[in-house]
2 protein chains.
Amino acid sequence: MGRVEQKKQRDRMILDKAEEAIVERGLFSLSLLELARQAECSVNTLYGSFAKREDIAVGLFNRVMATFGVKACQEIALRQESIAERFMAMQMIWIRRQHKQSDLGGVQFLAAMPSVWKHASHSRIAITRKLLDSWYQSNLNFLQMARANGELVADDDHLHQCLNEVTCVERGFSLFSNNYSFRDEAISLPMERVFKVMSFSLEELSWQTPLTNDSFKRVMNICDEVETSLRNFDVDEHIWAVEMNAQELQ
Amino acid sequence: MGRVEQKKQRDRMILDKAEEAIVERGLFSLSLLELARQAECSVNTLYGSFAKREDIAVGLFNRVMATFGVKACQEIALRQESIAERFMAMQMIWIRRQHKQSDLGGVQFLAAMPSVWKHASHSRIAITRKLLDSWYQSNLNFLQMARANGELVADDDHLHQCLNEVTCVERGFSLFSNNYSFRDEAISLPMERVFKVMSFSLEELSWQTPLTNDSFKRVMNICDEVETSLRNFDVDEHIWAVEMNAQELQ
């Protein structure tokens, strides 16, 4: 095994162990010393990949975003359903994920904490930015493609508005349902209702092929199938490629 | 100054310094030793109030929830505008707050991280639960009062559904707009659009006095006036009262 492969395997193990440690012992008890021991490497070696605890936190966030943001969008885009349904599936796959299980580490919300971003390494944040941009752009491109195909009528501001609105609903559900006190409340909200609130924003775009009464069922079917295919996705390999690409651009 | 007053002042200073430290040096660099030094007390004394860093984090969350959740709801409930408008103001005051400024510590999102809750002290979490319950119940009671007054027609499930939906939109906007990469995008979404998406959920309840074209302006006016009055609110005193009350009930 070459040195690059070794580093990849080690970083993967460090992140795996870090997520376990956050769930088991808490976000604030994350110890780089302890992680190095578990990953069977020196602290210096660990510092080479993750210089600060913020880098670990951001690394874990990157995994979630690369999987359910970037990769899921790519898979959904390739499907045969209508554009509006595929766009909705890109949002609903997060809702479906939260319905199945709460995120015990809660790492997906760390990116909304400037106190974490500000103190993470630039190189790590560069990856996060690329992943977030890629996710947002995939969604936006999808609406722009629909417009280019004559599928909808809207100016750029309206496309952004629609995307920002559905993102608020999606992120809000994810946050609300991940709160100990409110998980049951959130889960009692039928997924079809979340879908309807998002559809309200979509309908502003005057679609040629609008969502129908069957759309919800079809969208959830997309989510299920894509989620199954995501199980074989090597997220760390994907992030590694993004990292290499970011370095080349510098 | 009595011992209770001394403890209150010390706890207040510890939380103030902790929030500064989180912003300045990062969430993971929070040091109880350093905080004790700044608050001019021994580490043992500090441990008496905040035994773990999770307790500090939860203490900071409690301040946000007590101010913009509990207290703001109480103030808004006392106003003269229509019930639907007051209910909307209870949601929009968070949106307005986020529009003005992002939350640099991001502590309001910590309650969606089970890894923080799980490791905080029971007594601290008991306060959080009481504040969250109080906030949710104030909102729900408001809709139930509207129903009792013949202002709307809906069963309990629909009231919960409406409240859960507007909460998703509110929390989602707060989360999205607190992300470095997306703050500008989120802020570009007109507050009136956020209002419209929430209104979509409200309209399901068949109001006698529904929202009108002027409602948005009036709701934002409520938010402004209540926010101004909140500046004189002593949140730590409020939380202290909740804490005493929680202890009596045990």
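This is a predicted model: local features need pLDDT of at least 70, side-chain atom pairs count only at pLDDT 80 or more; totals for chains, interfaces and linings use all residues.
View 1. In contact are 57 residues of chain B and 57 residues of chain A, where contact means heavy atoms within 4.5 Å. Residues are numbered from 1 along each chain as its sequence is written, and chains are lettered from A and ligands numbered from 1 in the order in which they are written. Local features need pLDDT of at least 70, side-chain atom pairs count only at pLDDT 80 or more, totals for chains, interfaces and linings use all residues, and side-chain values use heavy atoms, with hydrogens and water left out.

**View 2. A salt bridge between Arg193(B) and Glu165(A).** The side chains of these two residues meet at 2.6 Å, N to O. A salt bridge is a side-chain nitrogen of Lys or Arg within 4 Å of a carboxyl oxygen of Asp or Glu. Between chain B and chain A the count is four salt bridges.

**View 3. The side of chain B that touches chain A.** Elements giving two or more residues to this side include helix H1 (3–25), helix H4 (53–77) and helix H7 (122–148) of chain B; helices are DSSP runs (H or I, at least four residues), numbered from the N terminus. H8(B) gives the largest share, twelve residues. By type, the residues of this side divide into 28 nonpolar, 16 polar and 13 charged. Here Ala, Val, Leu, Ile, Met, Phe, Trp, Tyr, Cys and Pro count as nonpolar, Asp, Glu, Lys and Arg as charged, and the others, Gly among them, as polar.

**View 4. An aromatic pair, Trp117(A) and Tyr180(B).** The ring centres are 5.5 Å apart and the planes are at 45°, so the pair is tilted. Rings of Phe, Tyr and Trp (its six-membered ring) pair if their centres lie within 6.5 Å; planes under 30 degrees apart count as stacked, over 60 as edge-to-face and the rest as tilted. The pair crosses from helix H6 (residues 114–117) of chain A to the loop between H8 and H9 of chain B. Trp117(A) is buried at 5% relative accessibility, whereas Tyr180(B) is partly exposed at 38%; buried means under 20% relative accessible area, exposed over 50%, partly exposed in between (1.4 Å probe, protein chains only).
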